[in-house]
Amino acid sequence: MSISARLAGLFAIGVAVGGCDCSDGFGSNADPDAGASAVAPDAGEAKGKGETGLCPSGTDGDRDGFGEGCGKGPDCDDGNPYAHVGLDETCDFADNDCDGLIDEDVQNDCGDCDPGCAVGSYGDEPFPDEPPYSDLDGVGLNDEGDLVLDSTTLEFHFLWIANSEDLARGTVSKVRTSCPPASEDPGCVPNVEVARYYSTLCVPGDCTDTTGGPVQTSNNYPSRTAVDFSGDAWVANRAFGGQGSVTKYANDISGCVDRDADGVITTSADWNDDGMIDPSDPDEFPGDLDECILFTTNLGGVNYYMRSIALDAGDPATGGPGNAWAATNNVTPALLYKVDGTTGAISETLTLPAGSTLWYGGAVDGEGILWLTNYEGYLTYVDTETNEVGTIVTNSFFSGAWCSHYGIAVDQDGWVWLGGCNRDGGVYRYKPDRTDFASLASGTWMRVSFDGRGPHARGVAPDTRGWVWVAHTCANGTWAAGGGACGSLGGISRIPRELPDGDYDGDAEGYLLLYTTGNNTTGAGVDFAGNIWGVNYESSSATRIDVDGDGEPIDVNGDGLVSNADAVTVPVGYHPYTYSDFTGYGLRNFTSPSGTYTFVHEGCDGPVDTEWREVRWDATVPPGTDILVYVRSGDDLVAIQEADRYGPWLDSPAALDEPSQGPIAPNPSRYLRVEFHLSTTDPPATPILHSFDIVYSCPSDIN
């Protein structure tokens, strides 16, 4: 049975074959003069003026009773008995009814009379959602069965955690958070370290960065990470006393680089399945030979302390990766670098406002504004599209205490959240005034203090359920003299996102506190299953805390209690120090919510190729949302994954032979892969895909 036949049974695909049987050369209208009592002429009957027949008094060349001087009237084509006034239009490439139009209202869905025209229609029944023929990434079904943006279906299953002092150089751990269905990967195990990489790339024989400068191979002290729309990751290297930089990693092996041209990608992996990477094993940790470390870009000079990194939305029209933005932390004037997401080249160097130099972190909101937080209690902002730099924004709760801001995140409303590392363990929220660019500095503030939960609220992570999760270095202990280890376990607090502006005592309000399994918890993050993660610096681990759809903790071990005994601990590299968007959750949900639905359609039955004509779709696209359509074609399911992508088409239909976005190639071919890219800049508004048709043509003997 063919793939299309199997899909027809599984997904109730509706295929309508249009057109007509034109094998007789005239079409399917056997009666050329229905309603006019006319018949086609006999082959031997005389023709011409004055002869007996249907028009004895005029000229009737085709003997259909119509012509010059004939009683029935003139003929628009006196050489075709199937063309005259009053005749029904037939799909035969002729003007049958003599109205000046050819084949109007009778052409098939291919726009012609091809009897092999076919249409695959989807959406009236549930959309196909089974790989390898279809895939949902960031989209799901609403109550009406239409496709909408839905972050719960995102296929990002990894954390990227910077290990500040690992292997005397600095590394990044890749941790798997969940597994796909068992049928796709039956050997998958969640909550394990699946790879580890150096925080800089020093290619043997060519230890230079993208600018041609030398790459630092010790004391990089990586901290913040960021994850883009492809799952690829970035890390910022502070490099105290040395050369700061950023490095990018490929999430999928298809994005890695076969530098030694041996046909095999050499990369880190947990080959012995013990749940962690052994750095002494060159198979598990190939170091600088790892071909999934894409590049390192040096930023600034010595002692520029590259602490912050954030990613913008990139270009949805091309599907290109977002750019990385990294700010200095120790020079005057403070600088902001824009790094190309594909090449690693520095595309812009901007000067940040005077008055502060200690920039600690960044996050990009849904309007493309980059927010930068400062250790001294300030914010500033930058338009990532125009590169315009805003002014300094002062926290109205700033009291002059050391270490006022640490982690930063944005939520679905573009509100800015800050972990307050001062002694009250505070959390701050800033609501910008979005009247215009200048007014962004004229917003309002809210604070939640946690005096009873120890100092240093660092990492902060909003979710889509209405909560904000905040990491406490010591949830109920004392910061040791000299800034050392905590005296107890770290923890993560949960606060309501929509608190009115004002000042709150989180302890008195009784906001939920969840202990982690490690101490010195610096980072808080949300994975795409909605669970909460803490990054534990002193314990060299990450902790997963399972919560339900409402954000309530789950009694995982079934002992009747919800405690840190229900949490999962994952060992990583030495001294992990990440409190940024280390899952990509913020980028995909708040910076630029987007998702993709892909479907592979097999064409004609039999050993023939299909001529692909059009893709049509029915959608509701509210203001601030988009649906872009791309296609790939190929002769097998493997080749089509790597084939050239054509598009985008913004409006239906996508004519696959048009010169502006096509013509697609190869065409004819066996398969067509259609990609619908849904996005919004105004969440929770979402585009809605109701249905789509794939129009194609098969040889007539196949149908």
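## Disulfides in the predicted model

The torsion about the S-S bond of C179 and C188 is about -80 degrees, so this disulfide (a pair of cysteine sulfur atoms within 2.5 Å) is left-handed. Its sulfur atoms lie 1.9 Å apart. C179 is partly exposed at 28% relative accessible area. C188 is buried at 15%. Here buried means under 20% relative accessible area, exposed means over 50%, and partly exposed falls in between, with a 1.4 Å probe and protein chains only.

This is a predicted model, where local features need pLDDT of at least 70, side-chain atom pairs count only at pLDDT 80 or more, and totals for chains, interfaces and linings use all residues. Residues are numbered from 1 along each chain as its sequence is written, and side-chain values use heavy atoms, without hydrogens and water.

A search of the whole structure finds 6 disulfides. Among them are these:

| Pair | S to S | S-S torsion |
|---|---|---|
| C76 and C98 | 2.0 Å | about -70 degrees |
| C179 and C188 | 1.9 Å | about -80 degrees |
| C202 and C207 | 1.9 Å | about -130 degrees |

The disulfide of C76 and C98 is left-handed. This pair links distant parts of the chain, 22 residues apart. C76 and C98 both sit in the loop between β1 (14-17) and β2 (117-122). Strands are DSSP runs (E, at least two residues), numbered from the N terminus. C76 is partly exposed, with a relative accessible area of 44%.

The disulfide of C202 and C207 is also left-handed. C202 counts as buried at 13% relative accessibility. C207, at 26%, counts as partly exposed.

Key: Helices (H or I, at least four residues) and strands (E, at least two) are DSSP runs, numbered from the N terminus.
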